[in-house]
Amino acid sequence: EALCVQAVTVAASEVPGLAVEPAQVSVLLTDDAQVRDLNCRYRGKDSATNVLSFPALDEAARAALRRGGRVATGPIPGPMLLGDLALAFETLSREAQIAAKPLEDHFCHLVVHGFLHLVGYDHESDDEAEVMEALERRVLARLGIPDPYLQ
């Protein structure tokens, strides 16, 4: 839990113009089977993956947050729910082992990656991937984690 809080807090502070305070992100650490089920059900992909992001805000609201705008949270008081992350422990463990990375570092990277998806970043195009990866590198450096894209 502490790793999640630290990773999300630093990521939120590094997103240019991000205006969410207070905010909430739900994180589920589960097995490959459940992530595969979620991936199939919500993305139409019948395979496990390391992290899935389920934004609570639509794209227009996420873009407004990144521009420093405020987004109405509706009638429910409390932190703004940015969305949910689901991480497949078996996959992230295997990936960390293959890449000879500390499990905690890879876990933090995936939490940061997933968080950035929640606030509207993506990597569908090369330009988007370049922006998102640069931001991930900056966040991870602040967390004392080496650049995951060098390996």
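**Contacts, helix packing and an aromatic pair**

Trainee: Which residues does R36 touch, not counting residues up to four places away in sequence?

Mentor: With those neighbours set aside, R36 touches K45, D46, S47 and A48. Please keep in mind that this is a predicted model.

Trainee: Where is R36 found?

Mentor: R36 is found in helix 2.

Trainee: How many residues apart in sequence are R36 and S93, and what separates them in space?

Mentor: R36 and S93 are 57 residues apart in sequence. In space, the distance from C-alpha to C-alpha is 16 Å.

Trainee: Changing topic, how many aromatic pairs does a search of the whole structure find?

Mentor: The search finds 1 aromatic pair. The partners are Y42 and F54, with 5.5 Å centre to centre and 75 degrees between the planes, and the pair is edge-to-face.

Trainee: Which parts does that pair tie together?

Mentor: Y42 lies in helix 2 (residues 32–43) and F54 lies in strand 2 (residues 51–55), so the pair ties together parts that are 12 residues apart in sequence.

Trainee: And what does Y42 count as, buried or exposed?

Mentor: Y42 counts as exposed, because its relative accessibility is 51% and the exposed class begins over 50%. F54 has 22% relative accessibility, so F54 counts as partly exposed.

Trainee: Let us turn to the helices. At what angle do helix 1 and helix 5 pack?

Mentor: Helix 1 (residues 2–14) and helix 5 (residues 103–118) pack at about 45 degrees, and their axes are 9 Å apart. That angle makes helix 1 oblique to helix 5. The crossing of these two helices is right-handed.

Trainee: Which residues meet there?

Mentor: From helix 1 come L3, C4, A7, V8, A11 and A12, and they meet E104, F107, C108, V111, V112 and F115 of helix 5. By class, the residues of this contact divide into 11 nonpolar, no polar and 1 charged.

Trainee: What about helix 5 and helix 6, at what angle do they pack?

Mentor: Helix 5 packs with helix 6 (residues 126–142) at an angle of about 135 degrees, and the axes are 10 Å apart. Helix 5 is therefore oblique to helix 6. Their crossing is right-handed.

Trainee: Which residues of helix 5 and helix 6 meet?

Mentor: C108, H109, V112, H113, L116 and H117 in helix 5 meet M132, L135, E136, V139 and L140 in helix 6. This contact has 7 nonpolar, 3 polar and 1 charged residues.

Trainee: At what angle do helix 1 and helix 6 pack?

Mentor: Helix 1 and helix 6 pack at about 130 degrees, with their axes 9 Å apart. Helix 1 is thus oblique to helix 6, and the crossing of helix 1 and helix 6 is right-handed. The contact is made by A7, V10, A11, S13 and E14 of helix 1 together with L135, R138, V139 and R142 of helix 6. These residues divide into 5 nonpolar, 1 polar and 3 charged.

Trainee: Where does Y121 lie?

Mentor: Y121 lies in the loop between helix 5 and helix 6. Y121 has a relative accessible area of 13%, so Y121 is buried.

Trainee: With which residues is Y121 in contact, leaving aside its neighbours within four places in sequence?

Mentor: Y121 is in contact with V15, P16, R66, L116, V131, M132 and L135. As for A12, 109 residues away from Y121 along the chain, the C-alpha atoms of these two are separated by 12 Å.

Trainee: In which helix is the place of A61?

Mentor: A61 has its place in helix 3 (residues 59–66). Its relative accessibility is 12%, so A61 counts as buried.

Trainee: Is A100 buried or exposed?

Mentor: A100 counts as exposed, because its relative accessibility is 66%.

How values were computed. Residues numbered from 1 in each chain as written. Predicted model: local features only at pLDDT ≥ 70, side-chain atom pairs only at ≥ 80, totals over all residues. Heavy atoms only, no water. Phe/Tyr/Trp six-rings, centres within 6.5 Å; stacked < 30°, edge-to-face > 60°. Helix = DSSP H or I, 4+ residues; strand = E, 2+ residues; numbered from the N terminus. Buried < 20%, exposed > 50% of the residue type's maximum accessible area, 1.4 Å probe, protein only. Axes fitted to C-alpha atoms, helices over the stretch in contact; angles between N-to-C directions. Parallel < 35°, antiparallel > 145°, perpendicular 65-115°, else oblique. Left-handed = near helix turned anticlockwise from the far one by under 90°. Contact = heavy atoms within 4.5 Å. Nonpolar A, V, L, I, M, F, W, Y, C, P; charged D, E, K, R; others polar.
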